[in-house]
Amino acid sequence: MCSDLHSLAVVDSGVKRGNLRRGDPFEQVVARGEPVDEAAGLCATRWSGAPTVSVYAGGVRFYRPIHIGHVVEVDAHLLHTGTQTMHISVHVRSGDPRTLEMAPTTHCLTVVAALDDNGAATAVRPWLPDTAEDTRLDAHARHLTTLRARLVGSTLFGQNLPAPP
């Protein structure tokens with residue numbers, strides 16, 4: 001299960017070449033995670049058939065800058081389902097539109113909850129791994145859930161927090 005989004009890294013700041021830097025409009029969008037959140041939400045909505053909301057994003061890795069004028073590709077893949085949540089891996093790649101070469105720029109894991117008509121979390125159908133790689137990624141998502149649960153109530157997060165998805 002996957003969703004793909006494509007866009008062009010265009011900047012209105014008058015800069016015609018180079019890398020997107022802090023302060024450039026598209027870099028701010030990528031840094032805030034809007035394309036990542038949009039791709040994860042699309043993937044989750046397609047799986048659940050319901051509106052969704054992101055409840056967690058973590059493990060963000062920035063590999064290289066996005067160059068002005070490059071095509072940006074965002075891929076989201078369902079890794080695991082909980083009772084009301086979907087764990088989605090999001091990869092961002094970019095490349096010169098004059099070539100077919102795309103290189104990784106960013107990766108993260110997003111957890112998305114399905115919502116009912118009243119905006120409350122609702123059940124999602126289970127996703128079952130098809131391949132050995134799917135099974136490995138599902139197990140990894142379960143392991144990360146266990147690690148996050150251990151942090152609840154720790155000095156890192158404070159006291160009386162709800163358990164993460």
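This briefing covers the nonpolar core, the salt bridges and the cysteines of one structure. The model is predicted. Its largest nonpolar core holds 21 residues. A search of the whole structure finds 5 salt bridges, and there are 0 disulfides.

**Nonpolar core**

- In soluble globular proteins, nonpolar side chains tend to be buried together.
- Here, the largest nonpolar core has 21 residues, and the members touching the most others are V74, A76, L78, M86, I88 and V90.
- At least two residues of this core come from each of α2 (34-48), β3 (71-81), β4 (85-95) and β5 (103-114).
- Helix α2 gives the largest share of the core, 6 residues.

- R93 pairs with E73 in a salt bridge, with the closest N and O atoms 3.0 Å apart.
- R93 sits in strand β4 and E73 in strand β3, so this contact ties together parts that are 20 residues apart in sequence.
- R93 also meets D75 in a salt bridge, at 1.7 Å from N to O.
- D75 lies in strand β3 and R93 in strand β4, so far as sequence goes 18 residues apart, and the pair links distant parts of the chain.
- R93 is partly exposed, because its relative accessible area is 22% and the buried class is limited to values under 20%.
- E73 has a relative accessible area of 18%, so E73 counts as buried.
- D75 is buried as well, with 8% relative accessibility.

- E133 and R136 form a salt bridge, their closest N and O atoms being 2.9 Å apart.
- Both residues lie in helix α3 (residues 132-151); they are 3 residues apart, so about one helical turn separates them.
- E133 is partly exposed at 40% relative accessibility.
- Elsewhere, salt bridges that share partners join E73, D75 and R93 into one network.

**Cysteines**

- A disulfide is a covalent bond between the sulfur atoms of two cysteines.
- The structure contains 0 of them.
- C43 is buried, at 0% relative accessibility.
- C108 is buried too, at 4% relative accessibility.

Note on methods:
Residues are numbered from 1 along each chain as its sequence is written. This is a predicted model: local features need pLDDT of at least 70, side-chain atom pairs count only at pLDDT 80 or more; totals for chains, interfaces and linings use all residues. Side-chain values use heavy atoms; hydrogens and water are left out. A disulfide is a pair of cysteine sulfur atoms within 2.5 Å. Buried means under 20% relative accessible area, exposed over 50%, partly exposed in between (1.4 Å probe, protein chains only). A nonpolar core is a set of buried Ala, Val, Leu, Ile, Met, Phe, Trp, Tyr and Cys residues joined through side-chain atoms within 4.5 Å. Helices (H or I, at least four residues) and strands (E, at least two) are DSSP runs, numbered from the N terminus. A salt bridge is a side-chain nitrogen of Lys or Arg within 4 Å of a carboxyl oxygen of Asp or Glu.
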